[in-house]
Amino acid sequence: GRCPAPGHDTLTGYPAMDAFTFVLESLDDTACLGTLLAGMMQNAPQVRALLLQGDLGSGKTTLTRSLVAALPGGDQAEISSPSFTICNNYPTCPPVLHCDLYRCPASLPDEVWDALDADAGICIVEWAQYIPQAALPKEFLDIRLESCEKGRFLTVMAHGQASQALAQELHTAWTTSGRHGSRTDLPLFS
């Protein structure tokens, strides 16, 4: 794909809203952020889509695993990467559809299209860069994971007012939790 202009989002091509970058130094940091996000999403019913981007092994499934496990009913979910099944459903409250589009870059499965358009549960999509612009919901968090010297950078870009409020709340909770890395002065794209 083409590189976006600085300050522009790769999913939409439009100017990005505020971005918050977290430095995740360990798997525990990734799990902590997923747990925080799970709690906040239970109280933000307008935000039902988490669109994840990152290389293989960047932590997309680890983040999803901790988020799903932290939701009510998450202890009953068998959380695994949907690399081969394309979509996994988890019996949480709210229910979660976890999708991996790595194997279907040319067409969006109907189940994913429907989930992105629904308000009933949370839809988490790995390899979200393969989602056609027409399928993007009004409210979503665009989450990017990148390797760095200290572990990983996780960047959250919010789309929509409720998503922006949730991203700000996540940033505030992370910085007050005593975790090390929270940056707002990093460039959006390198």
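This is a predicted model: local features need pLDDT of at least 70, side-chain atom pairs count only at pLDDT 80 or more; totals for chains, interfaces and linings use all residues.
In which helix is the place of Ser163?

View 1. Ser163 has its place in helix H4. With a relative accessibility of 0%, Ser163 counts as buried, because that value falls under 20%. When neighbours within four places in sequence are left aside, the residues in contact with Ser163 are Val47, Glu139, Phe140, Leu141 and Ala158.

**View 2. The largest nonpolar core.** This core comprises 35 residues, and those with the most contacts inside it are Phe22, Leu37, Leu141, Ile143 and Leu154. Two or more residues are given to this core by each of strands E1 (19-24), E2 (49-54), E5 (122-126), E6 (140-148) and E7 (151-159), and likewise by helices H1 (27-42), H2 (60-70) and H4 (161-176). Another core, of 20 residues, lies apart from it and has Cys99, Cys104, Leu108 and Leu116 among its members.

**View 3. The contacts of Leu154.** Once neighbours within four places in sequence are set aside, Leu154 is in contact with Phe20, Thr21, Phe22, Leu24, Leu33, Leu63, Ile143, Arg144 and Leu145. Of these contact partners, Phe22 and Ile143 are, like Leu154 itself, listed among the residues with the most contacts inside the largest nonpolar core.

View 4. At the start of H1, a side-chain oxygen of Ser26 comes to within 3.3 Å of the backbone nitrogen of Asp28. The buried residues in H1 are Asp29, Thr30, Cys32, Leu33, Gly34, Leu37, Ala38, Met40 and Met41.

Note on methods
Residues are numbered from 1 along each chain as its sequence is written. Side-chain values use heavy atoms; hydrogens and water are left out. A nonpolar core is a set of buried Ala, Val, Leu, Ile, Met, Phe, Trp, Tyr and Cys residues joined through side-chain atoms within 4.5 Å. Buried means under 20% relative accessible area, exposed over 50%, partly exposed in between (1.4 Å probe, protein chains only). Helices (H or I, at least four residues) and strands (E, at least two) are DSSP runs, numbered from the N terminus. Contact means heavy atoms within 4.5 Å. A polar contact is a pair of N or O atoms within 3.5 Å; within protein, one must be able to donate a hydrogen and the other to accept it, and residues adjacent in sequence count only if both atoms are side-chain atoms.
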